[in-house]
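Dear colleague,

Please look through it once before you read on.

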2 protein chains.
Amino acid sequence: MKSVTVYDIAKEANVSVATVSRVLNNTAPVKKETRERVKELIDKYQFQPNALARSLIKKETGMIGIILPDITNPFFPEVLSGFDQEARKKGYTYFLCDTVSANADDAEQYVRESQYLNVLAEKQVDGIVMLGGRIDLAKPGKELVEEVVDVGKRLPVLLINGRIPGAGLPAVASDERFGAELATTHLIELGHRKIALVGGYRHMSNTVQRTAGFTKTMERYGLEVRKEWLLHDGFSVDSGTAFMDRLLRLPDRPTAVFCLNDLVAIGVLKAAVKAGLKVPQDMSIIGYDDIPFASYSIPELTTVSLRAHDLGRTAAEILHKMITKSKVPKTTLIKPELVIRESTGAPAPH
Amino acid sequence: MKSVTVYDIAKEANVSVATVSRVLNNTAPVKKETRERVKELIDKYQFQPNALARSLIKKETGMIGIILPDITNPFFPEVLSGFDQEARKKGYTYFLCDTVSANADDAEQYVRESQYLNVLAEKQVDGIVMLGGRIDLAKPGKELVEEVVDVGKRLPVLLINGRIPGAGLPAVASDERFGAELATTHLIELGHRKIALVGGYRHMSNTVQRTAGFTKTMERYGLEVRKEWLLHDGFSVDSGTAFMDRLLRLPDRPTAVFCLNDLVAIGVLKAAVKAGLKVPQDMSIIGYDDIPFASYSIPELTTVSLRAHDLGRTAAEILHKMITKSKVPKTTLIKPELVIRESTGAPAPH
DNA sequence: ATGAAAGCGCTAACAA
DNA sequence: TTGTTAGCGCTTTCAT
């Protein structure tokens with residue numbers, strides 16, 4: 001079934017396509033009478049202008065691409081909801097580009113990112129926001145960087161919580177060191193002296209930054225950062241239980257553990273409970289991210305909120321400015337917040 | 001900065017645009033030598049063909065729209081990941097259209113759905129899949145139905161877990177009654193006789209179907225369905241704790257509660273623990289959906305898996321068939337599965 | 001206030 | 001094997 005076009009409307013209304021276009025876009029005065037005639041036809045045929053044709057000439061599509069690693073990781077929907085809220089308000093529609101790979105193969109993930117970067121450019125999106133993946137790397141490879149920089153030259157590209165060394169790409173980022181300081185200070189002020197840090201990946205910049213914030217704070221208070229209490233390479237629940245099991249087997253245990261994300265904290269919590277420990281009486285646990293589940297667990301998780309929603313919302317705001325060629329700050333920092341719930345408390349006196 | 005077009009490539013390669021198009025799409029034989037010359041230029045300029053122009057003439061965009069209520073509800077990312085996997089394999093990119101409204105206003109949500117339906121049609125998506133929202137209604141209003149039916153006439157529209165009465169729109173759906181039977185039977189076989197059903201909304205078809213499955217099973221076993229143990233109107237964690245608080249105040253308490261989704265089950269669990277009950281010894285709790293959190297809680301939640309990932313994957317498969325004009329079944333039913341974990345057990349003998 | 005006509009960047013007959 | 005040309009459906013000068 002053929003779809004109706006401006007020509008069909010124009011012909012039946014005895015006007016030119018230009019006029020139809022004018023009433024469609026309110027782009028020039030049209031005689032009231034003619035306008036109504038045209039509007040009636042539009043209604044009658046449920047005419048929907050072809051956005052492709054329009055975009056082809058106007059050089060703007062109202063489409064955005066958002067590239068992220070894995071929508072089933074509860075952190076991302078939170079960011080997305082903020083992004084959605086603002087983007088919708090500005091009239092954008094967006095492609096969700098999930099780069100997760102079945103076998104958790106990083107290389108494959110980067111390939112996906114590259115593919116999406118291309119597809120999005122071909123589809124003529126007005127802008128792209130990236131989060132996770134290669135931009136989380138502490139030191140990304142040469143080609144990975146170059147690709148993004150190249151795309152960034154052709155259209156607005158904004159980074160959330162990541163960076164591409166050398167490229168002048170604008171970014172919205174969480175103040176990672178500050179967040180880690182928040183968590184560490186909280187534990188210390190509660191009276192903890194023996195604090196473990198678990199989770200994250202050493203090749204990821206968030207991990208190195210949070211670890212730095214932790215270490216710095218410990219040192220500031222003259223506390224020792226013990227090698228055997230520093231367990232990296234894992235962001236999942238399972239890795240969390242594994243970390244805790246390791247910690248539990250140690251002759252000298254920490255009294256508190258700072259987990260580099262909430263998923264790990266959940267795993268740590270599960271392992272602690274299974275081992276018969278009471279949280280927070282026997283062991284304090286603090287997470288990072290403040291995913292929704294953090295407030296669902298028993299006990300509810302104390303954590304550091306990344307303010308994911310704000311991150312997303314801000315990103316949409318800034319990307320819009322980039323698209324409309326307004327000036328934007330190189331980096332917009334979002335301050336994390338400490339969210340004290342039930343999983344942290346004073347250490348048991350002994 | 002002007003982008004390069006087929007003309008630029010053609011001119012510099014001393015060929016016609018047709019030839020460039022041919023090497024781009026492998027749509028006709030091109031002399032090896034010419035092909036390479038063209039390819040080199042494409043590479044040199046990092047030429048990316050304009051998908052808008054291509055789609056305008058080919059009448060296919062490789063774009064799909066997916067309309068859903070709220071990406072922060074953990075059920076949807078799960079569906080989406082399955083959908084993504086299959087859609088990507090087939091070469092589609094998709095718009096994520098979240099219709100959540102800040103103030104949880106249903107009417108506003110339906111307005112959003114309508115807007116997206118229009119926008120997607122204008123953007124010439126190859127197909128649309130809807131889940132949640134109006135299609136979850138037990139009896140949706142006339143205009144809500146009509147709109148979808150109209151769009152369905154113009155392009156492929158597929159429903160996940162919902163229906164539009166009267167419209168012959170294909171659907172992929174979970175067998176809700178079966179799922180409820182699964183849960184109820186599990187509880188009964190464990191020895192429970194006094195079972196509560198909480199959660200859901202009476203105006204939603206999933207709720208009426210699950211409730212029907214529950215009631216039918218209870219009757220089959222000659223068990224009584226008590227009015228005061230039937231608590232509806234809520235799908236959130238908070239509503240779950242409220243439901244449980246109500247139940248706990250009753251002189252005659254149930255020994256098990258069947259929650260119409262996992263979020264409610266989490267709330268119920270929290271309230272039970274807070275009240276000093278041991279789960280499952282003092283109270284069995286079973287959820288519905290099997291969101292990731294279900295296996296994170298302590299104790300881990302027994303639940304009914306909707307097989308969200310499969311739902312999404314199947315939807316993408318079927319939508320693709322619709323787009324390519326293959327025959328598709330009117331309704332594809334996905335059988336839920338019982339997932340036994342730790343929150344259900346035999347009732348305490350008294 | 002309105003119309004004619006020239007594209008936007010690409011594909012696909014149709015010729016050669 | 002390659003080129004010419006006519007659109008796809010719309011917006012937008014430039015006339016009138």
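This is a predicted model: local features need pLDDT of at least 70, side-chain atom pairs count only at pLDDT 80 or more; totals for chains, interfaces and linings use all residues.

Chain A can be superposed on chain B by a rotation of 180° with 0.0 Å of shift along its axis, and the RMSD is then 0.1 Å, which means that the two chains are related by a two-fold axis. In chain A, the C-alpha of F95(A) lies nearest to that axis, 2.2 Å away. Both copies use the same surface, since 98% of the contact residues of chain A recur in chain B.

As for the interface itself, 53 residues of chain A are in contact with 52 residues of chain B, and the two chains bury about 4900 Å² between them, with 62% of this on carbon and sulfur atoms. On the side of chain A, the residues that lose the most area to chain B are Q48(A), L52(A) and R88(A), which together make up 14% of what that side buries.

Within chain A, helix α5 (residues 75-89) and helix α12 (residues 308-323) have axes that come within 6 Å and cross at roughly 40°, so α5(A) and α12(A) count as oblique to each other. The crossing of α5(A) past α12(A) is right-handed. The residues that meet there include F75(A), V79(A) and F83(A) from α5(A), and L311(A), R313(A) and E317(A) from α12(A). Sorted by class, this contact of α5(A) with α12(A) holds eight nonpolar, five polar and four charged residues.

With best wishes

Technical notes: Residues are numbered from 1 along each chain as its sequence is written. Chains are lettered from A and ligands numbered from 1 in the order in which they are written. Side-chain values use heavy atoms; hydrogens and water are left out. Axes are lines fitted to C-alpha atoms, for helices over the stretch in contact, and angles run from 0 to 180 degrees between N-to-C directions. Helices (H or I, at least four residues) and strands (E, at least two) are DSSP runs, numbered from the N terminus. Angles under 35 degrees count as roughly parallel, over 145 as roughly antiparallel, 65 to 115 as roughly perpendicular and the rest as oblique. A crossing is left-handed if the near helix is turned anticlockwise from the far one by less than a right angle, and right-handed if clockwise. Contact means heavy atoms within 4.5 Å. Ala, Val, Leu, Ile, Met, Phe, Trp, Tyr, Cys and Pro count as nonpolar, Asp, Glu, Lys and Arg as charged, and the others, Gly among them, as polar. Copies are superposed by least squares on the C-alpha atoms of residues with pLDDT of at least 70 in both. Buried area is the accessible area (1.4 Å probe) that two parts lose on being put together, summed over both.
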